[in-house]
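The tour starts with the whole chain and then moves through selections.

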Amino acid sequence: MNNPNGRRRFRVLTRPKQKARRARVAAAFLVVAALGGVAFVTVRKLASDFRLPFAPVSGAADAALVEGPEPLRSLAQAAADAVSGTAGDKAEVLKARFPSISDVRVRRNWTEKTATLTLVVRRAVASATRRGKPSGFLGDDGVVFEAPQGAFMLTGPSVEVAGASPAELSALAREWPILAASGSFPAELTGMAYGSPENGWEATLSDGTKVLWGRLEWTREKLSRLSEAVADARSKEPGAFSADLRWFEDGKVLLKPAAVQVGKLR
């Protein structure tokens, strides 16, 4: 067909080599894209497996699932649901509201929308009273704390903590496993009470025996010597006794029948 302008039109044909090169380039792009997709999926899978922490957007409200023992878990879940904030905000509220919680561990996966709040509950070693009234529990770290009803079921001896300093309570918690162990005293221990810095602690036994214990030192040695002295005294005169171990470091263990006071605690 003639061109009215007198010019010829030429059709450009792609050479086989150029076609092959373009095909290779296109294939390379596809491979890179595929590898990118695999890398993304792999990172998400690793985040799920290793539970990498997720940093929520500042100010965003989080849903949270509380893990822990009942009845504390249910109470903490209700408290967390009432907080409109991040998982960290909810954790701080729980620690402030429940003294029986020593810590709250926050965990959240990148692939999950709900954070998990795991309660770290204090370990109670004895029921505590203050001037004869129930006052929570003595923890194994020496902290006296309140707890929801039914959170701890302890049946051993109780501790009267009124007047005791944090250092004294910490010492009692440290020695408590020895003092409260079965057979430690000549009769079952029913309670410990703090007297004063001068007199220290007093132990009460199930048979009526009173023991002015003094400072919480030489615990095993005091128990051994007390048992020997009481056994010897009972072989001569059965009954309850009053014992005074406040001068144990000087080698003195005073023992008298319970009707005779060996010292005044308060």
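Start with everything selected. Of the contacts (heavy atoms within 4.5 Å) in the protein chain with a separation of 6 or more, 49% are between residues 24 or more positions apart. This is a predicted model: local features need pLDDT of at least 70, side-chain atom pairs count only at pLDDT 80 or more, and totals for chains, interfaces and linings use all residues. Residues are numbered from 1 along each chain as its sequence is written, and side-chain values use heavy atoms, without hydrogens and water.

Color by secondary structure. The protein chain has five helices and 12 strands; these are DSSP runs, numbered from the N terminus, with helices (H or I) of at least four residues and strands (E) of at least two.

Select residues 63-67, 101-107 and 114-121. Strands S1, S3 and S2 form an open sheet in the order S1-S3-S2, with mixed pairing (strands pair if DSSP finds at least two bridges between them). S1 (63-67) and S2 (101-107) are the edge strands, each pairing on one side only. S1 runs parallel to S3 (residues 114-121), joined by five bridges. Zoom in on Val66: its bridge partner in S3 is Leu117.

Helix H2 lies across S1, S2 and S3, at about 165° to S1. Angles run from 0 to 180 degrees between N-to-C directions, with axes fitted to C-alpha atoms, for helices over the stretch in contact. Next, take residues 87-97. Helix H3 also lies across S1, S2 and S3, at about 170° to S2.

Finish at residues 189-196 and 200-205. S8 and S9 form a hairpin with three residues between them. Six bridges join the antiparallel pair; Gly191 has Thr204 in S9 as its bridge partner.
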